[in-house]
Amino acid sequence: MEDTTGAKVDRYIDYRKVLQRDDIDGVVIATQNHWHAPTTIHACQAGKHVYVEKPVCHTIWEGRKAIEAARKYDRVVAAGFQSRSMGGVVEALTLVREGALGPIQQVRGLCYRNRKGIGRRDEPLSAPKSVDYDLWLGPAADEPILRTSLHYDWHWVFNTGNGDMGNQGPHELDILRMVLGDPGHPKSVASFGGRFGWDDAGDTPNMQCALFDFGKEAPVNFEVRNLYQKDQPSVGRHPRDPGVGIHVTCEGGEYRGGRGGGAFYSPNGKVLRTFAGEDGAPHMQNFIDAAHRGDPSGVNSPVESAYHSACLSHLANIAVRCGRDAGASDIADELGRHGASGELGMECFERFSEQLDLWSVNTAKTPWRLGTGLVFDPEAEQYTAGPNVEAAQAMVRREDRKPFVVPDTV
């Protein structure tokens with residue numbers, strides 16, 4: 001930056017030294033997922049306003065603690081869900097929610113990314129000398145790194161990341177919540193998924209579908225697909241774009257769009273109206289303006305709203321992780337119990353299965369994981385019943401590595 005702008009920037013390895021400075025009013029947090037909530041809490045305690053990138057928390061419990069810290073210390077805490085500051089997106093979703101296309105019949109979110117595997121080492125990777133690995137690791141468990149790269153690929157290991165359901169997915173899950181009127185936690189979540197084809201050191205699904213029950217008549221599903229097919233890229237994908245965005249099917253047409261813009265379509269597929277995409281630049285300015293005023297109510301993406309969007313990814317991942325190995329007939333039987341949402345899920349499963357056939361994946365050897373039946377109390381934010389309920393509850397709040405422990409009282 002000094003070479004290009006002439007501005008000299010102080011550099012620190014330990015973020016806590018930045019928080020000690022009296023001339024710092026606010027901070028931007030763009031760390032690994034497992035540091036989002038702890039750093040937000042520390043910043044609020046130090047009297048700083050916060051802009052934190054998605055997904056704002058690595059677990060459900062620590063996200064709630066970040067909200068408590070924002071309230072206790074009366075800090076502006078905004079999240080990096082830029083769609084909330086994009087005029088075209090906001091206008092389109094508002095119109096749909098208000099009935100411009102008639103009653104909503106179904107909502108489908110999609111997250112298709114052409115990613116590759118992260119490799120698998122025989123011997124654990126050592127962090128480069130330029131990294132304070134103890135601080136990098138923070139509250140995460142000190143586990144052997146068997147992937148080939150330390151940076152970025154932490155997304156695909158649950159110890160530090162949340163898979164693409166919790167990486168790219170939160171952006172589209174947030175848009176999904178916007179069109180539904182920003183509901184809180186769903187009543188229940190069912191999900192199936194797996195990590196196929198790569199045989200690498202990752203443990204997050206690269207194919208996954210989640211069914212969210214918000215108590216509404218319209219089914220709400222979300223699907224993630226990272227496993228691409230080079231020769232036949234359409235295999236496994238939903239036939240309509242965008243591949244990263246949402247489809248809202250209504251009685252009088254459909255909205256298809258995402259952060260890049262979207263359009264209203266008639267029932268026969270004719271474009272009725274387009275909505276321009278934007279770069280989200282006003283989003284950071286919105287945070288800065290709110291911080292200058294000291295007014296949390298002026299934030300377009302407040303931390304509590306962002307938390308509920310992030311928790312959709314956490315709830316979906318917990319369902320899969322606490323699920324059971326399942327074959328096609330098991331998944332079909334389970335989805336048959338979920339009505340219209342199950343029908344959407346089955347259509348997704350059939351597409352995904354076709355793609356696995358092209359990859360020659362033996363699902364008897366590498367089976368799907370099917371998670372369902374867990375009862376989640378939205379008010380208490382805890383699991384109360386169902387298979388593997390104790391394991392599921394343990395994932396709501398994990399045991400942090402000392403001394404980087406998020407306290408009960410912030």
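Reader: Which residue in S13 does Gly193 stand opposite?
Author: Happy to start there, keeping in mind that this is a predicted model. Strand S5, residues 188-194, and strand S13, residues 368-371, run antiparallel and are joined by three bridges. In S13, the residue opposite Gly193 is Arg369.

Reader: And what is the bridge partner of Ala326 in S13?
Author: Here we turn to strand S12, which spans residues 324-326. S12 pairs with S13 over three bridges in the antiparallel sense. The partner of Ala326 in S13 is Trp368.

Reader: Moving to the helices, how are H3 and H4 oriented to each other?
Author: The axes of H3 (residues 33-45) and H4 (residues 60-72) cross at roughly 15° and come within 9 Å. Angles under 35 degrees count as roughly parallel. The two helices, H3 and H4, are therefore roughly parallel.

Reader: How do the residues of the contact of H3 with H4 divide into nonpolar, polar and charged?
Author: On the H3 side the contact is made by Ala37, Pro38, Thr40, Ile41 and Cys44. H4 brings Glu62, Gly63, Lys65, Ala66, Ala69 and Ala70. The residues of this contact divide into two charged, two polar and seven nonpolar.

Reader: What radius of gyration does the protein have, and why does it agree with a compact globule?
Author: The C-alpha atoms fill a box of roughly 60 × 55 × 45 Å along the principal axes. For 410 residues, a compact globule would have a radius of gyration near 22 Å, so the protein's value agrees. That value is 21 Å.

How values were computed. Residues are numbered from 1 along each chain as its sequence is written. This is a predicted model: local features need pLDDT of at least 70, side-chain atom pairs count only at pLDDT 80 or more; totals for chains, interfaces and linings use all residues. Side-chain values use heavy atoms; hydrogens and water are left out. Axes are lines fitted to C-alpha atoms, for helices over the stretch in contact, and angles run from 0 to 180 degrees between N-to-C directions. Helices (H or I, at least four residues) and strands (E, at least two) are DSSP runs, numbered from the N terminus. Angles under 35 degrees count as roughly parallel, over 145 as roughly antiparallel, 65 to 115 as roughly perpendicular and the rest as oblique. Contact means heavy atoms within 4.5 Å. Ala, Val, Leu, Ile, Met, Phe, Trp, Tyr, Cys and Pro count as nonpolar, Asp, Glu, Lys and Arg as charged, and the others, Gly among them, as polar. Two strands pair if DSSP finds at least two bridges between them. The radius of gyration is taken over C-alpha atoms; the globule rule is 2.2 Å times the number of residues to the power 0.38.
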